[in-house]
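Subject: Structure handover

Hello,

Please find the structure below. My notes follow it.

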Amino acid sequence: MLNSPTPVKKVPIHLQSAQNRVYIKNGQVVNHDKSFKADVYIEDGKIKFVGSAADITIPGGVHTIDASGKLIIPGGIDPHTHMQLPFGNAVAVDDFYHGTKAAVAGGTTMIIDFVLPNKNESMIEAYDKWRSWADPKVCCDYGLHVGITWWSKSVAEEIGILCKELGINSFKTFMAYKGLYQLNDSDLLDVFERIRSLNAVAMVHAENGDIIAKNAKRLLAQGVTGPEGHELSRQEEVEAEAVHRACILAHQVDCPLYVVHVMSKSAGIEIARARQRYSKKYIFGETLAAALGTDGTHYRCQHFDHAAAHVLSPPLRPDKTTPEFLMKLLANDDLQTTGSDNCTFNKKQKELGLGDFTKIPNGVNGVEDRMSLVWERGVHSGLLDPCRFVAISSTNAAKIFNIYPQKGRISVGSDADIVIWDPQATRTISKDTHHHACDFNIFEGMTVHGVPEYVLVRGRICAENGSIRVAEGFGRFIPTPLRPPFVYDRIESKEEPRDQPVEPNNNATKKLAELDSYISAQEPPTAIFSGNPIPMSPEAARNDTPSGRGRVDGKRDQQESSFSISEELDTSGVRSSIKVNNPPGGKSTGFW
């Protein structure tokens, strides 16, 4: 959609008014809602002008960028990363410096990472720990979600403190990781009710942890030890069932729900159906660069290192049509955002799972390649237009987590997080050229269209024609305020009461019919199983003790967390309904 901005009075820019000034001319501005030809002027890290060159006077000494033939887009927002995450005896090698450097190189100018407290650990202490790791290292701005990894009265109280004092509005729950993070349905209802009472946003990792535990035990007992066992233990229906259940639980208490890392067709369909079923549409879905760019056939590679490098949860799916299907869900607004779930481990760390797939550290790369990959598989393939690309790579995340229009938009007053995007340029992805600290790239050898020519973080040019110039600690912690209008205006709108049936419109009926038709056509699986962000107080914003509730040492003992997916294994009876087709990566004795 091509629109011209409303003419404005000519704006004089004085030479002495600022030191950090950039003028971008002759580009095509692309926001989530419209695209138009305009120049952009930046001063002191903010966008000061968007419009025609005839309406602004630019003095000498300003850094000028000619964006002819290029797009001027909001910097990407990756709503799902795990930098330097402890995972059993390993720690993710992309720390907050390497991870955010890689993000900037790919056109992402803000990440939202996850604080994951250990069971029985104070959420405030965990928050302080993450802030002490991130604040000195981040090269771009960042926010935080907080995981609810156990439930008690004290956790309920700390959620309130995090929301009201420490700039957190989103909380992740787990339906998987039995014995470690998993909450039962009763606890989930209590958590969702508490989150709803604070006008915050609930997030969920949706996989059925009880099924996974039984399947993993059964597979190991049968000698299936390689990476293929990871996907076999947690197949599509295991994810889809949990998504369906999570949506129902959230609906019972009118709690907005954001489903992280949707990896399968079946799970995507459940979100699409929930958004049709609940007219207020406060169910949101995120998929990953990994799910859009590759598939689960890699788990059956004969080389352990290659197969293990692709292990994450939920796993990649062996159905090769999954990436395009998920991209179509993004195009139709059945899914709303794309993240990376960036959590990288090197070969030696992945080999901790040799002989037992449940001990393979979970995680892949993606924060650097997310933007180009979504452009290649979405816009270049014809499934998305540039405005929708901006929505799913930046704006929707900014809206859901209430940092819009500070982030996620090219407009006067917004932060100057800007990417000058060359839609025709190509690059070939490789571990030899990426900016991650890891020694593997799951998109190795893929050539993608769409390359960031310039990346500006709050007005500072941090990437220029492949040259990356970032500084540790330049990024800031960005508070995410309560009651995102994009989320809560839907819930609190004057619509039919929750228990009153909503008469479906023709479009909704048609879409549900299409989904039903798709479901019935599938073969059985191979195994049965906007407001303005509130400022932080000076005390809460300090780098040394971010919460103001106690000093936290920035180091962490790698043994502090005893995480292992093998802790999901229980001792109850096994099932006889698992069917496996020749997994090559692990040992087997007469299982097929």
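Is helix H7 largely enclosed by the rest of the structure or largely open? Helix H7 is largely enclosed, because 12 of its 17 residues are buried. Buried here means under 20% relative accessible area, exposed means over 50%, and partly exposed lies in between (1.4 Å probe, protein chains only).

Before the rest, some ground rules. This is a predicted model, in which local features need pLDDT of at least 70 and side-chain atom pairs count only at pLDDT 80 or more, while totals for chains, interfaces and linings use all residues. Residues are numbered from 1 along each chain as its sequence is written, and side-chain values use heavy atoms, with hydrogens and water left out. Helices (H or I, at least four residues) and strands (E, at least two) are DSSP runs, numbered from the N terminus.

Helix H7

H7 covers residues 236-252. Its end C-alpha atoms are 25 Å apart, which agrees with the 24 Å that its 17 residues should span at 1.5 Å a residue; the expected span is 1.5 Å times one less than the number of residues. Among the buried residues of H7 are Glu236, Glu239, Arg245, Cys247 and His251. Their cover includes helices H4 (185-197), H5 (209-221) and H8 (265-277), along with strands E14 (201-205), E15 (257-262) and E16 (283-288). Just after H7, Asp254 has a positive phi of about 50°.

Lys172

Lys172 is part of strand E13 (residues 170-174). An unreviewed UniProt entry annotates Lys172 as "modified residue: N6-carboxylysine". UniProt positions are given in the numbering used here, feature names are shortened, and annotations may be inferred rather than shown by experiment. With a relative accessible area of 2%, Lys172 is buried. Leaving aside residues up to four places away in sequence, Lys172 touches His80, His82, Phe114, Val146, Gly147, Ile148, Met203, His205, Val260 and His261; contact means heavy atoms within 4.5 Å.

Strand E2

Strand E2 (residues 21-30) is mostly covered, with eight of its 10 residues buried. Two strands pair if DSSP finds at least two bridges between them. E2 pairs with strand E3 (residues 35-43) in the antiparallel sense over eight bridges, and a hairpin of four residues joins E2 to E3. In this pairing, Tyr23 stands opposite Tyr41 of E3. E2 also runs parallel to strand E6 (residues 63-66), joined by four bridges, with His63 as the partner of Val22. Two bridges link E2 to strand E7 (residues 71-74), again parallel, and there Gln28 has Leu71 as its partner.

Regards
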